[in-house]
Amino acid sequence: MKEKKLDYGNWVPGNMMHLLWGITALLAIANILNFCIFTNIAADVILLCMLLLSTGMSVYMQICRNMFAYEKGGLMGRIHDYLLEHLNWNGKGNLLEIGCGAGALSIKCAKRYPRARITGMDYWGKSWNYAREQCEKNAELEGVGNRITFQKGDAAKLDFPDNTFHAAVSNFVFHEVKSQPDKHYVVREALRVVKKGGVFVFHDMFEQKKLYGNMNDFIKELKQEGITEIHYIPNTDRESFIPGFLRAPWMLKDMGLIYGIK
């Protein structure tokens with residue numbers, strides 16, 4: 001009987017790597033054919049440059065994928081730990097993770113807060129190769145399946161009444177929400193379902209001005225709207241545990257973290 005294994009996926013999707021390495025292989029073949037058959041010097045130079053660029057990108061993304069992987073570099077887990085270090089919660093009650101992916105952070109919460117009930121919500125789009133069944137299997141293997149519920153949903157329109165959860169967390173999700181271009185609205189929607197006096201930690205690309213504008217102004221607005229306590233940490237991609245080579249524009253860049261008490 002085949003042993004079941006944890007599958008937390010990766011923030012660099014496998015299908016992306018297959019595409020990158022596939023393009024690199026095709027360019028290598030094109031270089032060989034042109035050199036051996038066509039002997040076009042100009043084409044040689046162009047194809048060689050394209051091959052070097054494609055190889056460099058493939059190697060870089062493969063290193064990033066290995067760094068993120070739970071079973072290798074483990075950076076995904078360290079980023080989750082960093083987020084939870086800012087969740088000032090006693091673990092009594094219920095917690096919502098918005099955008100749970102393969103369930104890694106939800107399961108970490110269940111293990112960290114053994115008295116809590118956890119709900120993991122995700123849209124589970126095909127591009128990320130995550131699924132509800134994958135989350136449930138991981139939770140079962142980690143021994144916390146009886147305290148976690150996973151369900152499909154949209155972060156821009158959460159299927160929960162106001163003031164439902166004692167705690168809410170989200171990690172690198174809000175900028176991916178396609179159904180709502182106004183990311184301020186997505187943050188407010190997340191806060192809506194937190195009980196008054198409940199706690200929250202949201203990690204996202206908050207330093208991207210085109211998405212969030214001036215975060216200091218946004219934080220002031222949330223305070224004026226009644227959030228009891230809210231803090232903002234900009235540029236969390238510069239934390240010492242995140243390697244500098246990962247701070248590329250398409251990777252971990254312009255990150256920030258907001259946390260506090262509703």
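## Helix packing

Helices (H or I, at least four residues) and strands (E, at least two) are DSSP runs, numbered from the N terminus. Axes are lines fitted to C-alpha atoms, for helices over the stretch in contact, and angles run from 0 to 180 degrees between N-to-C directions. In this predicted model, local features need pLDDT of at least 70, side-chain atom pairs count only at pLDDT 80 or more, and totals for chains, interfaces and linings use all residues. Residues are numbered from 1 along each chain as its sequence is written, and side-chain values use heavy atoms, with hydrogens and water left out.

Helix H1 (residues 14–38) packs against helix H2 (residues 41–68) at an angle of about 155 degrees, and their axes are 9 Å apart. H1 and H2 are therefore roughly antiparallel to each other (angles under 35 degrees count as roughly parallel, over 145 as roughly antiparallel, 65 to 115 as roughly perpendicular and the rest as oblique). The residues of the contact of H1 with H2 comprise 17 nonpolar, 8 polar and 2 charged. Here Ala, Val, Leu, Ile, Met, Phe, Trp, Tyr, Cys and Pro count as nonpolar, Asp, Glu, Lys and Arg as charged, and the others, Gly among them, as polar.

Side chains of opposite charge can pair when their charged atoms come close. A salt bridge is a side-chain nitrogen of Lys or Arg within 4 Å of a carboxyl oxygen of Asp or Glu. By this rule there are 8 salt bridges.

One of them joins the side chains of Lys-111 and Glu-142 (3.0 Å, N to O). This pair links distant parts of the chain, 31 residues apart: Lys-111 is in helix H4 (residues 104–112), and Glu-142 is in the loop between helix H5 (132–141) and strand E3 (148–152). Lys-111 counts as partly exposed because its relative accessibility is 47% (buried means under 20% relative accessible area, exposed over 50%, partly exposed in between, with a 1.4 Å probe and protein chains only). Glu-142, at 23%, also counts as partly exposed.

Asp-162 and Arg-192 form another salt bridge through their side chains (2.6 Å, N to O). Asp-162 lies in the loop between E3 and strand E4 (165–171), and Arg-192 in helix H6 (residues 183–192), 30 residues apart. Asp-162 is partly exposed at 46% relative accessibility, and Arg-192 is partly exposed at 23%. A network of salt bridges links Asp-162, Glu-189 and Arg-192.

## Glu-176 and Lys-178

The side chains of Glu-176 and Lys-178 also meet in a salt bridge (3.3 Å, N to O). Glu-176 is partly exposed, at 31% relative accessibility, whereas Lys-178 is exposed, with a relative accessible area of 68%.
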